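Visitor: I have a structure open beside its sequence, and I would like to learn how to read its features one at a time. Could you take me through it?

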Amino acid sequence: MNRPVIGITPAHNLDNDDIYLRPTYLRAIKAAGGLPLLLPLETDREDILQILSLCSGILFSGGPDLHPFLWGEETHSMCGNMSPARDRMELALLRAAIEAEKPIFGICRGCQIINVGLGGSLIQDIPSQTAPDFPIAHRQPFDYHFPSHHVRVKEGSLLARLTEISKNTNSGTAGSSAAAHTEDMAHSTVAPGHLAVNSMHHQAIGRLAPGLSASAEAPDGIIEAAEMPGYPFLLGVQWHPEYLWETDPAAAGIFRGFVRACE
C-alpha cells in the first residue's frame, strides 16, 4: 500500500542559498505513516500546481521571521532575519493548497505563515511587545526534546480530538533513561485540557486571521495553535512536536491525525 506523500517546505540558508531540512520532520512524518518529500524553494504557479498533484498534504516547517510588510507593519527593532524567497513560495503554496483543499499542517513559522497568508498579523517580538507578570520561556533554555510550558487546548477543537485520541496509544519510545525522563516531564504535571510543549520562538500570532479559530493558548495568553473549522484539515501549532513525538503520545497523535487526513 502506497503511503501518502507529504510535501515539506524547506529551510533556507541565506549565507550560501542552500535549502535543507532538519531530519526530525522527516522522521515524524515517516513514523506516522507518511512519505516525506522536501519541496523546492524556487517555484512558479505551474510548479506549485504540479507539486500539489503529487502531494497528499503539505507541512509548513519552522524557520526564520516573516517580513512584517506582509501584514502592513514597520519592522520592529527586535525582528530577526527573513527569507523573501521562502515568504513568496510558502504564501503561494498556501493559497494553492487551500484552493485544492489539501490537508495542511504548520509548525512554528508554519503556523505563522498560515495566519499571515489568510489575513492575520504577528507579534514581532514577544519579550518587548508583551508584559506578563510571569514571562513564559517561549525560547526555552534547554534541549528541545523537553517541554518548557503548558498550553490550554480549546474543548471540541481538532487539536483536542487529535491529542485526546493519542492518550490511549503507545508511542513506541526508546527505553533509555533520557527518554523516560522526557516522558515524565511531559506528563507528570499536565492538568486536564492542557498539553506540555516545547518552545523556540520570539514571534507569534497577533491578530487572528478571518476563518481561523484559536485552539490553544499559553498561560500568558499567547495563541499557540490555530485551525480552520469546516476545512478538511488545517492546523498550525506554535511549538515543535517533531521533537516530542517519540516520548509524547499527544505529539504523535497530531502527526498521525495529519497523515490520516492525507490518506
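**Reading a buried helix, a pocket and a cavity**

Guide: In α4, the buried residues are Arg109, Gly110, Cys111, Gln112, Ile113, Ile114, Asn115 and Val116. Buried means under 20% relative accessible area, exposed means over 50%, and partly exposed lies in between, with a 1.4 Å probe and protein chains only. Helices (H or I, at least four residues) and strands (E, at least two) are DSSP runs, numbered from the N terminus. Please keep in mind that this is a predicted model, in which local features need pLDDT of at least 70 and side-chain atom pairs count only at pLDDT 80 or more, while totals for chains, interfaces and linings use all residues. Residues are numbered from 1 along each chain as its sequence is written, and side-chain values use heavy atoms, with hydrogens and water left out.

Visitor: How many of the residues of α4 are buried, and what do they pack against?

Guide: Eight of the nine residues of α4 are buried, and the helix is thus described as mostly covered. Contact means heavy atoms within 4.5 Å, and the buried residues of α4 pack against β5, α3, β6, β7 (122-123), β10 (204-205) and β13. Just after α4, Gly119 takes a positive phi of about 110 degrees.

Visitor: Is Arg109 buried or exposed, and which residues is Arg109 in contact with?

Guide: Arg109, which is found in helix α4, counts as buried because its relative accessibility is 0%. Leaving aside neighbours within four places in sequence, Arg109 is in contact with Ser61, Gly62, Gly63, Pro64, Asp65, Leu66, Arg86, Asp87 and Glu90. A polar contact is a pair of N or O atoms within 3.5 Å; within protein, one must be able to donate a hydrogen and the other to accept it, and residues adjacent in sequence count only if both atoms are side-chain atoms. Here the side chain of Arg109 reaches the backbone oxygen of Asp65 at 3.4 Å.

Visitor: How do I read the faces of a helix, taking α2 as the case?

Guide: Begin with the residues that are covered: in α2 (residues 45-54), Ile48, Ile51 and Leu52 are buried. Seen down the axis of α2, these buried residues fall within an arc of 95 degrees, so they line one face of the helix; the arc is that of the directions from the helix axis to the C-beta atoms. They pack against β5 (57-60) and α3 (84-99), whereas the face turned away from the buried side carries the exposed residues Glu46, Gln50, Ser53 and Leu54. Asp44 caps the N-terminal end of α2, with a side-chain oxygen 3.2 Å from the backbone nitrogen of Glu46.

Visitor: What separates a pocket from a cavity?

Guide: On a 1 Å grid over the protein atoms alone, a cavity is a set of points where a 1.4 Å probe fits but cannot get out, whereas a pocket is an open set with protein on both sides within 12 Å along at least five of seven lines; lining residues have an atom within 4 Å of a point. The largest pocket has a volume of about 390 Å³, and of the 23 residues that line the largest pocket, the closest to its centre are Gly62, Gly63, Pro64, Asp65 and Met200. β2 (11-13) and α4 (109-117) each supply at least two residues of this lining.

Visitor: How many cavities of 30 Å³ or more does a search find, and which residues line the largest cavity?

Guide: The search of the whole structure finds one cavity of 30 Å³ or more. The largest cavity is lined by Leu195, Ala196, Val197, Trp239, Leu244, Asp248, Ala250, Ala251 and Ile254, and β9 (194-197) and α8 (249-262) are the elements that give two or more residues to this lining. Leu244 is found in the loop between β13 (234-237) and α8, and at 3% relative accessibility Leu244 counts as buried.

Definitions and conventions: Grid points are joined across faces, edges and corners, and a volume is the space filled by probe spheres set on the points.
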